[in-house]
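This report describes the contacts, packing and exposure of a protein model. The sequence and the structure are shown first, and the discussion then starts from a single residue.

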Amino acid sequence: MLEDRSYMRQSPYQSRWSASLVLVVANTVVFGLQLITPLISNAGDAFIKRYLELSPAGLAGGYVWQLLTFQFLHGGPLHLILNCAMLWIFGRPIEDTLGKKTFLKLYFLSGTLGGFAQVGCSWLFPAHFGYGSVVGASAGIFGLIAAFAALNWERPITTLVAFIIPVTMKAKYLILIFAIIGILGLLNPHDHYAHGAHLAGLATGLAYIRFLVQSERSLFTWKRSRASTTRRELVEARSSRQAFWKRPIKSVPDDLPPSEFISKEVDPILDKISAHGIQSLTPHERQILEAARAKMGKR
């Protein structure tokens, strides 16, 4: 039956403890430990700096776990608050669209490659980038921002410039803006922000979506073709106007008995999800699933 399918059941635990929320809580708890540790022992503070923060010397010494641990450390309260806010804003829609496992793979891969890129810059240009260790979740978050933009390429979004001025733009321009900021940051030898990590995280997030999630699209295709958008639309941007060439979505049959409705209408869609993922569904198929959920709620 429909409720026997794992992806049709809603778990109260999953809705309350999403991966995005767990990461926000984990970053906050680790930052609390960062504040407490120096008060308890100077040796503990030295341990964090030597073994957990990401540094060229540490990675060269074989401390490869730093590529993971540095993502949970932060340089101050403002650094933590900004990263957690961005993680929450962009992490939730990515997790809802791609699922928890894919979301975590994307996040940590972006963070890991971003950290490695920053260390690589320090190795190659020590006079320019050799300013010590790196901490923060920014590289993974930049991967989420790029993924969000790639999944909502033409969708208008409103952002706050300097947290004050609202500006509306298409999501794809987020990638361009952050890329320009990162490149300008790399050119400034006195800027101690990890722009190399940010750029690498941004590139990883974009490449992950283009090559692994939307494999038929090119990484450098700035404007999606109408055919590919119709065939594989991961995030639907609703519009009050409907283009004249688009056919209206078919109505969901509501005169079928529940068992026949599930076998004829719902089961083929669930099989399609199992084979190709939920992103392969058409708007009409999504409408049928919503109708099925509504029928389940009335039982």
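## A leucine and its contacts

Leaving out residues up to four places away in sequence, Leu 144 touches Leu 87, Phe 90, Gly 91, Ile 94, Phe 103, Leu 106 and Tyr 107. Contact here means heavy atoms within 4.5 Å.

The model is a predicted one, in which local features need pLDDT of at least 70, side-chain atom pairs count only at pLDDT 80 or more, and totals for chains, interfaces and linings use all residues. Residues are numbered from 1 along each chain as its sequence is written, and side-chain values use heavy atoms, with hydrogens and water left out.

## The nonpolar core

Leu 144, together with Leu 87 and Ile 94, has the most contacts inside the largest nonpolar core, a set of 38 residues. Such a core is a set of buried Ala, Val, Leu, Ile, Met, Phe, Trp, Tyr and Cys residues joined through side-chain atoms within 4.5 Å. At least two residues of this core come from each of α2 (19–40), α6 (77–98), α7 (100–124), α9 (138–151), α10 (172–186) and α11 (195–213). The most is given by α9, with 10 residues. Helices (H or I, at least four residues) and strands (E, at least two) are DSSP runs, numbered from the N terminus.

Phe 90 lies in helix α6 and counts as buried because its relative accessibility is 9%. The classes are buried (under 20% relative accessible area), exposed (over 50%) and partly exposed (in between), with a 1.4 Å probe and protein chains only. Beyond its neighbours within four places in sequence, Phe 90 is in contact with Leu 144, Ile 145, Phe 148 and Leu 174. Phe 90 and Ile 145 are 55 residues apart in sequence, yet their C-alpha atoms are 6.2 Å apart.

## A buried serine

Which residues does Ser 110 touch, not counting residues up to four places away in sequence? They are Ala 139, Gly 140, Gly 143, Gly 201, Thr 204 and Gly 205. Ser 110 is found in helix α7, and its relative accessibility of 0% makes it buried.

## Aromatic rings and a charge

There are nine aromatic pairs, counted where the ring centres of Phe, Tyr and Trp (its six-membered ring) lie within 6.5 Å; planes under 30 degrees apart count as stacked, over 60 as edge-to-face and the rest as tilted. The rings of Phe 47 and Tyr 51 have centres 5.0 Å apart and planes at 40°, so this pair is tilted. Both residues lie in helix α3 (residues 42–52), four residues apart, or about one turn of the helix. Phe 47 is partly exposed at 44% relative accessibility, and Tyr 51 is partly exposed at 23%. Ring pairs link Phe 47, Tyr 51, Tyr 63 and Trp 65 into a cluster.

Elsewhere, the charged end of Arg 210 sits over the ring of Trp 153, 4.1 Å from its centre. This requires NZ of Lys or CZ of Arg within 6 Å of the ring centre and within 35 degrees of the ring normal.

## Cysteines

The structure holds zero disulfides, a disulfide being a pair of cysteine sulfur atoms within 2.5 Å. Cys 84 is buried at 9% relative accessible area, and Cys 121 is buried at 18%.

## The chain as a whole

The protein chain comprises 14 helices and two strands. Of its 299 residues, 39% count as buried. Among contacts between residues at least 6 apart in sequence, 65% join residues at least 24 apart. The chain exposes about 17,300 Å², of which carbon and sulfur atoms supply 64%; accessible areas come from the Shrake-Rupley method with a 1.4 Å probe, and for residues only the protein chains shown count as cover.
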